[in-house]
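Subject: A structure for you to explore

Hi there,

Here is the structure I promised to pass on. Have a look at it first, and then read my notes below.

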Amino acid sequence: MKNLIRFDWALKRLLRNKVNYKVLEGFMSELLHEEITIINILESESNQETEDDKFNRVDLLVENSKKELTIIEIQQSNEYDYFHRILYGTSKLITEYLKLGEPYSNIRKVYSVNILYFDLGQGEDYIYHGKIDFEGIHKHDKLILSEKQIEKFHKYKPEQIFPEYYIIRVNRFDDYAKSTLDEWIYYLKNDEIKDDFRAKGLAEAKELLKIDKLNEEDRRAYKRYWENKSYEASMVDTIKFDQEYILKEEAKKERITIAKKCLQKGMNPEDIIELTGLSKEEIEKLK
């Protein structure tokens, strides 16, 4: 194991503590390009905090000083419908935090931050940002809020109201930190923080997330976490091997069927060997 704790496990066990908010505040500030102050980490039905979570999915719901909500999710395994899931997550959160009878203006701003260890979709970048704007079909201008709306809501663009999405495809990162945000991505990928990194929150993370600073209970839990990861990797490898074996067996059965038909037609065994790839001994057994 490396010297620093993995970020997904830290979210489950350490970073929910208020005294450790500086780490998350640093990450969010670098990602959103503004100073973020966390007021509270809220509980969600989708949170999975048990050490034996073999799906390695982490949901963290954060409230900042502007009453905005941020979902932070880490996903290890490929999901083809992941885009649909993050849409569902933000939609559900919006409705959960609007009480019956409240005006729609009380809807919270939501950020969805997705740290992924698989390739979602097609694209060359490793960080993607999605937000909502409205463009004129004919004049191609951007629709903005009216003067009265700006005065009432203190917002200028619709995108300040609608959810925003961040997708970080960690495995696509080339390990070359070109910005302070890249320094965070480097840690997410390698469980390592270099001495010359200066991103907000990383100094605190480097000190807080040292494995040798864990108490005995957390140390055992972290060991179980890695054991579960080994178990998961073994299961995936077994399933993959079984699938490949079945495909090979089916392909071989097909070649045998072709060889039998060729023998029935009186073809030369050498030609059958060349056609099917079967060995001479296998052809002899079919005669």
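Buried means under 20% relative accessible area, exposed means over 50%, and partly exposed is in between (1.4 Å probe, protein chains only). Helices (H or I, at least four residues) and strands (E, at least two) are DSSP runs, numbered from the N terminus. As general background, nonpolar side chains tend to be buried together in soluble globular proteins.

Before going on, please keep in mind that this is a predicted model: local features need pLDDT of at least 70, side-chain atom pairs count only at pLDDT 80 or more, and totals for chains, interfaces and linings use all residues. Residues are numbered from 1 along each chain as its sequence is written, and side-chain values use heavy atoms, with hydrogens and water left out.

Which residues does Tyr-187 touch, leaving aside its neighbours within four places in sequence? Tyr-187 is in contact (heavy atoms within 4.5 Å) with Leu-4, Ile-5, Arg-6, Phe-7, Glu-192, Ile-193, Leu-202 and Leu-209.

Tyr-187 is one of the buried residues of H5. This helix, residues 180-190, is mostly covered, with nine of its eleven residues buried. Besides Tyr-187, the buried ones include Leu-181, Trp-184, Ile-185 and Leu-188, and also Asp-182, Glu-183 and Asn-190. Their cover includes helix H1 (7-13), H2, strand S4 (110-116), strand S5 (127-130), S6 and helix H6 (202-208). Just after H5, Asp-191 takes a positive phi of about 55°. Asp-191 is also linked with Arg-6 and Asp-8 in a network of salt bridges.

**Salt bridges**

A salt bridge is a side-chain nitrogen of Lys or Arg within 4 Å of a carboxyl oxygen of Asp or Glu. How many are there by this rule? The count comes to 25 salt bridges.

In its salt bridge with Asp-133, the closest N and O atoms are 3.0 Å apart. In the salt bridge between Glu-135 and Lys-142, the closest N and O atoms are 3.2 Å apart. Lys-142 is partly exposed, with a relative accessible area of 44%. Asp-133 is partly exposed too, at 41%, and so is Glu-135, at 46%.

Another salt bridge joins Lys-252 and Glu-282, with the closest N and O atoms 3.1 Å apart. This pair links distant parts of the chain: Lys-252 is in helix H7 (residues 216-264) and Glu-282 is in helix H9 (residues 280-286), 30 residues apart. Lys-252 counts as partly exposed at 30% relative accessibility, and Glu-282 is partly exposed at 27%.

**Out in the loops**

Two residues other than glycine have a positive phi and sit in loops. His-154 has a phi near 55° and lies in the loop between H4 and S6. Is His-154 buried or exposed? It counts as exposed, because its relative accessibility is 68%. Asp-175 has a positive phi of about 70° and lies in the loop between S6 and H5. Asp-175 is partly exposed, with a relative accessible area of 32%.

**The chain as a whole**

The protein chain has nine helices and six strands. Its radius of gyration (taken over C-alpha atoms) is 27 Å, well over the 19 Å that the globule rule gives for 287 residues, so the chain is more spread out than a compact globule. The globule rule is 2.2 Å times the number of residues to the power 0.38. Along its principal axes, the C-alpha trace spans about 90 × 60 × 40 Å. Of the 287 residues, 38% count as buried. Among contacts between residues at least 6 apart in sequence, 63% join residues at least 24 apart.

Happy exploring!
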